[in-house]
Amino acid sequence: MVELTERPFPPGRYPLIVVGSGPGALQLTYSLRRLGIDHAVISDDSEPGGMFRRWPIFQRMLSWTKPYAEPERGTAAYERYDWNSLLADEESNRSIMPGVMDGTSYFPSRPEMELGLRTFAERTGLRIRHGCRWDSTHQDGEDFVLTTSDGGYRAPVAVFAVGIAQPWRPSILELDGVQQYGDLRPAETYAGRRIFIAGKQNSGFEIASGLLPWARQIVLASPSRTRLSVETRTLVGVRARYVQPYEDWALAGGVVILDASIESVERAGAGYAVQTRGAADGRALKFEVDDVIAATGFVSPLRDLPGLGVATFGQSRIPTQTPFWESATVPGLYFAGTIMQGAQGLRKHGIPSNSGAVQGYRYNARVLARHLAETRFGRRLERSRLAADEVVGFLLAQASRAPELWHQRSYLARVLRIEPSEGITDEGIQPLAHFVDGGEVNAVAVALEANGKDDPYPAIYVRAGGALSEHLLPPHPLLDFEGADYRAQLTAALKPVLGGALAGSAM
Amino acid sequence: MDVRDDVVNILAGFSLFADLSTPELESLVETFGEESFPDGERVLRQGLTGSNFYVILEGTASIRVDGIDRSALRPGDYFGEISCLLGVAPVSDIVAQDGLRCLVLPGAELEPFLVGHPRVMFRLLQGEARKVRATTRWLS
């Protein structure tokens with residue numbers, strides 16, 4: 001590979017260092033380069049792609065790319081239908097994924113995803129020092145010092161995009177022969193076997209789906225009830241692609257799905273004896289199985305960052321983060337890629353952002369690059385201006401078509417700053433929490449929101465005279481928010497900041 | 001100790017969940033999400049809809065009304081239940097302090113959770129009664 005022979009970014013001091021070469025790191029380094037921010041990128045991997053160089057284990061993505069959608073490929077509006085392509089300013093480098101897919105599914109195969117990411121990196125000329133393993137970290141004055149297999153790197157700002165893809169299992173499953181996501185045998189070796197899968201998240205159902213043609217019996221168990229994404233109308237819950245074992249259970253086809261705690265797992269001859277206890281009724285059950293598979297989650301390989309003071313939470317040990325994905329406890333240390341899901345945002349109605357998936361964090365990376373440029377490198381990025389009579393149409397068009405708002409509901413918002421002396425400026429895409437929690441300047445933000453039962457709807461946040469107000473516009477069955485009713489409602493909501501300047505704009 | 005076991009042990013010590021069995025607590029830990037907040041960040045926002053029900057695992061939180069801190073919440077305390085039960089926006093901010101870490105249940109799921117766990121509902125009702133009593137005494 002070009003990257004390996006060139007070996008860019010030798011050890012030394014840089015203004016900023018990015019660790020990783022998965023989609024999160026690729027999007028961030030691309031966006032930083034476009035802004036002219038000097039930085040180094042290092043990665044232990046030999047090629048770009050991150051976890052998609054190996055997983056999903058059954059070699060088919062969970063995120064779709066619709067080759068044919070109403071908006072043309074290469075447009076921003078098309079990104080709503082293409083969850084997997086990284087974002088580029090140049091038209092020739094946009095919408096790469098549909099061009100590398102063979103048409104047999106709108107879920108890319110894993111090799112197609114890997115090819116898409118590699119193609120993006122090659123076409124955009126990204127430079128990464130591959131084969132450079134980050135080993136440890138400490139602080140020295142204003143710098144973070146990273147010890148790597150190639151030597152030491154120093155930088156006052158560091159971004160870790162190292163994923164959450166290290167399988168984790170509880171101690172009760174720390175038993176010889178118990179397998180877990182990533183170390184399964186070839187599917188055909190499970191032919192005729194009884195399999196107990198601990199965990200009912202997507203990874204457990206992915207494994208069950210893949211083994212349905214082979215296993216004699218599959219048992220899936222965890223304490224809480226299975227939720228389906230089609231019920232929650234979010235990415236929370238088991239995705240439709242993996243629902244077949246659930247239907248098999250519902251129609252009494254042989255799969256067993258239990259809401260139960262696992263009380264013990266012991267070797268029993270060539271197999272295992274598993275005891276469970278029902279979460280609701282306390283009923284004890286015992287299973288004699290040939291294989292036990294732990295699908296109990298993943299952790300982030302943060303190495304010694306917790307020792308540096310990085311606070312983490314949850315089973316996945318995700319860093320606690322600010323709305324701009326900076327460590328809450330170690331300033332100057334940021335995160336990109338799927339780790340960005342640690343920033344909570346407003347989480348309205350309990351619905352998390354999509355920051356754990358490519359279609360969400362690719363936008364975060366672009367926002368982070370701009371944020372770093374302005375706050376750490378003293379850049380003042382250009383803002384476009386709007387006339388007062390353009391505001392209503394602009395905001396409603398954003399709500400109807402802006403991919404950042406569609407993929408990052410309640411997390412990212414389009415912000416307009418409205419100052420009588422300066423006019424109306426487009427502040428671009430920002431974390432909604434940053435907007436609602438800070439600032440005194442008159443401004444308006446538009447986000448797209450959902451409540452888990454209705455269609456998505458636009459949410460308008462107006463800050464006037466230091467007071468914030470929320471205006472939820474109604475959902476529309478065709479997701480079109482540009483009609484006269486919406487113009488009238490938005491015009492009324494904007495009166496505190498635009499007053500008479502909007503007269504007639506609802507017409 | 002596993003992270004999940006850690007949370008189950010913490011919950012077992014909270015009066016709200018004192019009547020639940022270990023399998024029920026394990027189910028609860030899976031049903032609720034876990035969140036962590038930077039100090040100073042708002043968890044609930046006065047006047048904004050769509051809030052959730054939170055149980056504090058670690059850290060503290062301030063109850064802030066119109067910018068003035070009125071009270072503090074500690075591990076074992078919960079908040080957001082009034083907004084969730086009444087379907088209205090919170091009348092105060094809840095602001096994270098001291099490394100706040102919470103379990104969170106989406107607002108719409110609080111009712112089915114409480115109906116499915118009557119002893120938790122009774123203990124939550126006791127908590128609400130204590131709040132009303134304290135407020136009444138303060139007013140009188």
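Guide: Start with strand E13 (residues 271-278) of chain A, which is mostly covered: 6 of its 8 residues are buried. Buried means under 20% relative accessible area, exposed over 50%, partly exposed in between (1.4 Å probe, protein chains only). Helices (H or I, at least four residues) and strands (E, at least two) are DSSP runs, numbered from the N terminus. This is a predicted model: local features need pLDDT of at least 70, side-chain atom pairs count only at pLDDT 80 or more, and totals for chains, interfaces and linings use all residues. Residues are numbered from 1 along each chain as its sequence is written, and chains are lettered from A.

Visitor: Which strand do 8 bridges join to E13(A)?

Guide: Two strands pair if DSSP finds at least two bridges between them. Here the partner is strand E12 (residues 256-268) of chain A, running antiparallel to E13(A). A:Ala260 has A:Gly278 in E13(A) as its bridge partner. The two strands form a hairpin with 2 residues between them. In that turn, A:Gly269 has a positive phi of about 65 degrees.

Visitor: How many bridges join E13(A) to E14?

Guide: There are 6, and E14 (residues 284-289) of chain A runs antiparallel to E13(A). A:Tyr272 stands opposite A:Val289 in E14(A). This hairpin has 5 residues between the strands, and A:Gly282 takes a positive phi near 75 degrees.

Visitor: How should I picture side chains on a strand?

Guide: In a regular strand they alternate between the two faces of the sheet.

Visitor: How many helices and strands does chain A have?

Guide: Chain A has 13 helices and 25 strands. Of its 507 residues, 57% count as buried.

Key. Heavy atoms only, no water.
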